[in-house]
Amino acid sequence: MTIAFVHSVLVTSAVWTPLLKKLSTLGHDDVVLLSPPGFGAPLPAGFGATLDDYRSWLIDELSRFDAPVDLVGHAMGGAHVLEATMARPDLVRSWVSDSIGGYEPDFVWHELAQIWQTPGEGERHLEELFAGGVDDRAARMVEWGIPEPAAGEIALGQGAEMSKAILALYRNAVPPKLHERGRDLPNVATLPGLVPVATEDHTMGSVATRHSAAERVGARAVELHGIGHWWMVEDVPQGARMLSEFWNSL
């Protein structure tokens, strides 16, 4: 089966590279990387970078495959996965998303997201984050927990276009919008689902919230102990083992 990966903001598809190499050794090498517009792929003319725009984009991408795919998303990419799966479950065989907690009523956006959602502050923060050359940006990604060489590859795709997409997306996703959109979450319950719960990631809601959200849709929740936001590069063997065991159980 084809496995399609969707990454989050601040990064490009290079964030998956170490994980994909390990998954290949486990027999999972029919892989496609889907880059959301603005994040390693150009922003098309008229693309507003809203939740609806990214949902439509991902549905279009999934419609190109001959059969339903195993879909994996991280952070905001995980929200795109859930949005597309809620709308078109027929295009998906299974889903993996670590951000389902964002649809719970008690979810509160993390501090960085709140900065991006604030006019003026968001622009200043991203201008500083993406300032300098590739080496400068790569060094910041290393500080944020993404090792080389992935950090350098990601830095190549960072800049004004990515900033524009981040600001538009997060300002479209202010509370309680995700909770309201979660009314269609029962649609994802019809498919096998996996919720990675990185215990040191404090951007996705509490560990309890993520477990509750997974239980609500009948998904499997797997705790990644001692791992933070970038679980796919922080502990590659653990992340690959979790995914492989899930797909092998289908």
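Residues are numbered from 1 along each chain as its sequence is written, and side-chain values use heavy atoms, with hydrogens and water left out. Because the model is predicted, local features need pLDDT of at least 70 and side-chain atom pairs count only at pLDDT 80 or more, while totals for chains, interfaces and linings use all residues.

Select residues 51-62, helix α2, and then residues 76-87, helix α3. Helices here are DSSP runs of H or I with at least four residues, numbered from the N terminus. The two pack at an angle of about 70 degrees, with their axes 9 Å apart. Axes are lines fitted to C-alpha atoms over the stretch in contact, and angles run from 0 to 180 degrees between N-to-C directions. α2 and α3 are therefore roughly perpendicular (65 to 115 degrees).

Next, show the side chains of the contact (heavy atoms within 4.5 Å). From α2 come Tyr54, Arg55, Leu58, Ile59 and Leu62, and from α3 His80, Val81, Glu83, Ala84 and Ala87.

Now select Ala87, which is in contact with Arg55 and Ile59, leaving aside neighbours within four places in sequence. Ala87 is partly exposed, with a relative accessible area of 40% (partly exposed lies between buried, under 20%, and exposed, over 50%, with a 1.4 Å probe and protein chains only). Ser56 is 31 residues from Ala87 in sequence and 9.4 Å away, C-alpha to C-alpha.

Finally, go to Gln238 in helix α12, residues 236-248. Gln238 is buried, at 18% relative accessible area. Beyond neighbours within four places in sequence, Gln238 is in contact with Glu223, Leu224, His225 and Ile227.

Notes. Angles under 35 degrees count as roughly parallel, over 145 as roughly antiparallel, 65 to 115 as roughly perpendicular and the rest as oblique.
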